[in-house]
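Hi,

Here is the structure I promised to pass on. Have a look at it first, and my notes follow below.

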Amino acid sequence: MASAIADAEKLNNLKSAVAGLGQISENEKNGFINLVARYLSGEAQHVEWSKIQTPTDEVVVPYESMAPTPNDPVETKKLLDKLVVLKLNGGLGTTMGCTGPKSVIEVRNGLTFLDLIVIQIENLNSKYGCNVPLLLMNSFNTHDDTSKIVEKYSGSNVEIHTFNQSQYPRLVVDDFSPLPSKGQTGKDGWYPPGHGDVFPSLKNSGKLDALLSQGKEYVFVANSDNLGAVVDLKILNHLVHNKNEYCMEVTPKTLADVKGGTLISYEGRVQLLEIAQVPDEHVNEFKSIEKFKIFNTNNLWANLKAIKRLVEADALKMEIIPNPKEVEGIKVLQLETAAGAAIRFFDNAIGSNVPRSRFLPVKATSDLLLVQSDLYILEDGFIIRNKARSNPANPSIELGPEFKKVGNFLNRFKSIPSIIGLDSLKVTGDVWFGTGVTLKGKVVIAAKPGVKLEIPDGTVLENKEINGPEDL
């Protein structure tokens with residue numbers, strides 16, 4: 001009982017402190033206080049392991065079983081005119097050593113993530129005479145840069161709208177006060193509360209009502225760094241015909257994806273199960289590919305009217321993800337939510353088990369190596385897998401810290417090697433690649449400490465371990 005009283009006092013003190021923060025809107029203040037109140041009430045969803053069921057094909061629909069898209073271009077235009085594409089654009093390129101939004105990193109042929117996204121939608125709009133708009137959800141970290149960057153697309157046939165996700169104050173763990181009222185006035189005092197915030201932010205920005213008034217019905221949400229997340233008519237057609245309010249694209253797990261969230265049937269509803277919700281004694285079972293065969297790609301489709309209904313009813317109470325950080329020696333807490341967890345609040349929600357090609361995220365320079373290589377080709381803004389590779393799986397690539405930053409990565413490769421026949425590559429130390437290098441099978445290149453190792457132009461390495469020039 002005493003702790004409940006203490007919590008109520010904490011919340012009241014926090015409310016008055018947050019009321020004095022002039023940098024954010026009333027919507028943001030209320031959203032933040034509600035999130036903290038939910039967190040304190042401990043309504044964390046405890047999953048009873050014995051109640052978890054594997055979803056059936058009715059709930060997680062195999063992509064192959066979905067009806068083919070209508071051949072009639074008039075029907076296709078009708079379908080596409082219901083659609084809005086939304087890219088989550090709040091992330092910075094810092095982990096890859098870049099300043100500014102991650103979506104402006106050059107992916108291929110001098111084109112950035114954003115260039116490719118715009119080209120893809122331009123092609124759809126030209127081909128069918130439809131008007132699919134592009135929405136970018138920025139964070140306060142990416143807003144200014146993105147606003148300048150999108151000016152270069154002003155001549156395109158794609159309507160581009162930007163809006164900001166919420167800005168919440170970081171919570172000081174010691175006394176439960178907002179960090180900005182502690183004199184931390186810069187960006188470090190704040191955080192964007194995860195992509196679960198896409199739904200309220202869409203509503204609060206006025207974009208949701210504007211889209212509904214234009215007759216739009218569905219939004220396709222995806223991470224801006226997932227090159228596989230292209231508009232899919234078959235999925236859109238399925239949702240419209242079956243009146244599904246929500247669809248999460250999942251794809252079969254490989255050993256690289258064991259930490260990804262999965263879909264389960266639970267008490268008659270489909271819901272997302274994240275590793276953080278799994279009791280310790282079941283973590284290994286969660287990671288196994290046998291029991292939980294699929295994972296969330298974060299390509300999500302949702303009905304706009306349903307989003308409006310749920311946000312207005314304050315019904316989207318997604319699991320809270322507490323994210324502890326430290327700012328200048330002060331321990332702080334960020335409370336976040338994920339968009340995929342919203343699946344259990346929508347009616348007639350489904351998963352769709354899609355081909356792996358719809359999940360091609362670029363999280364590190366090792367991913368950049370894949371998509372810049374001959375393993376993929378660029379066609380009409382689409383990054384497509386090269387048919388010349390017979391193995392459906394991509395090679396596993398590990399690059400040492402010398403390659404972590406995009407600038408260093410590009411300097412160390414005179415040209416990107418041919419990797420069509422590669423199974424795995426591991427590079428450590430001070431390694432530099434010449435032009436026209438071919439890598440096949442399993443290749444390990446490990447330069448000795450303090451030694452610069454250059455792979456000469458035109459070298460072919462097949463199932464080799466290289467430790468120095470003598471091995472070439």
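**Aromatic pairs**

Tyr-168 and Tyr-191 are both buried (buried means under 20% relative accessible area, exposed over 50% and partly exposed in between, with a 1.4 Å probe and protein chains only). Before going on: this is a predicted model, where local features need pLDDT of at least 70 and side-chain atom pairs count only at pLDDT 80 or more, while totals for chains, interfaces and linings use all residues. Residues are numbered from 1 along each chain as its sequence is written, and side-chain values use heavy atoms, with hydrogens and water left out.

A search of the whole structure turns up twelve aromatic pairs. For these, the rings of Phe, Tyr and Trp (its six-membered ring) must have centres within 6.5 Å; planes under 30 degrees apart are stacked, over 60 edge-to-face, and the rest tilted. One of the pairs is Trp-49 with Phe-292, edge-to-face at 5.9 Å centre to centre and 70 degrees between the planes. This pair links distant parts of the chain, 243 residues apart: Trp-49 is in the loop between helix 2 and strand 1 (60-62), Phe-292 in the loop between helix 9 (283-287) and strand 15 (294-303). Helices (H or I, at least four residues) and strands (E, at least two) are DSSP runs, numbered from the N terminus. Trp-49 has a relative accessible area of 12%, so it counts as buried, and Phe-292 is buried at 4%.

The rings of Tyr-168 and Tyr-191 are edge-to-face because their planes are at 80 degrees, with the centres 6.1 Å apart. Here too distant parts of the chain are linked: Tyr-168 sits in strand 7 (residues 168-169) and Tyr-191 in strand 10 (residues 190-191), 23 residues apart. There is also an aromatic cluster made up of Phe-403, Phe-409, Phe-413 and Phe-433. Over the face of Phe-403 lies Arg-412, 5.4 Å from the ring centre (the cut-offs are NZ of Lys or CZ of Arg within 6 Å of the ring centre and within 35 degrees of the ring normal). Lys-10 does likewise with Phe-176, at 4.8 Å from the ring centre.

Strand 22 (residues 422-428) and strand 24 (residues 438-446) pair over six bridges, and Ser-424 has Lys-442 in strand 24 as its bridge partner.

**Helix 8**

How many of the ten residues of helix 8 are buried? Seven of them are, in a helix (residues 233-242) that is mostly covered; Leu-233, Asn-237 and His-238 are among them. Lys-243 follows helix 8, with a positive phi near 50 degrees.

Over to you!

Technical notes
Pairing = 2+ DSSP bridges.
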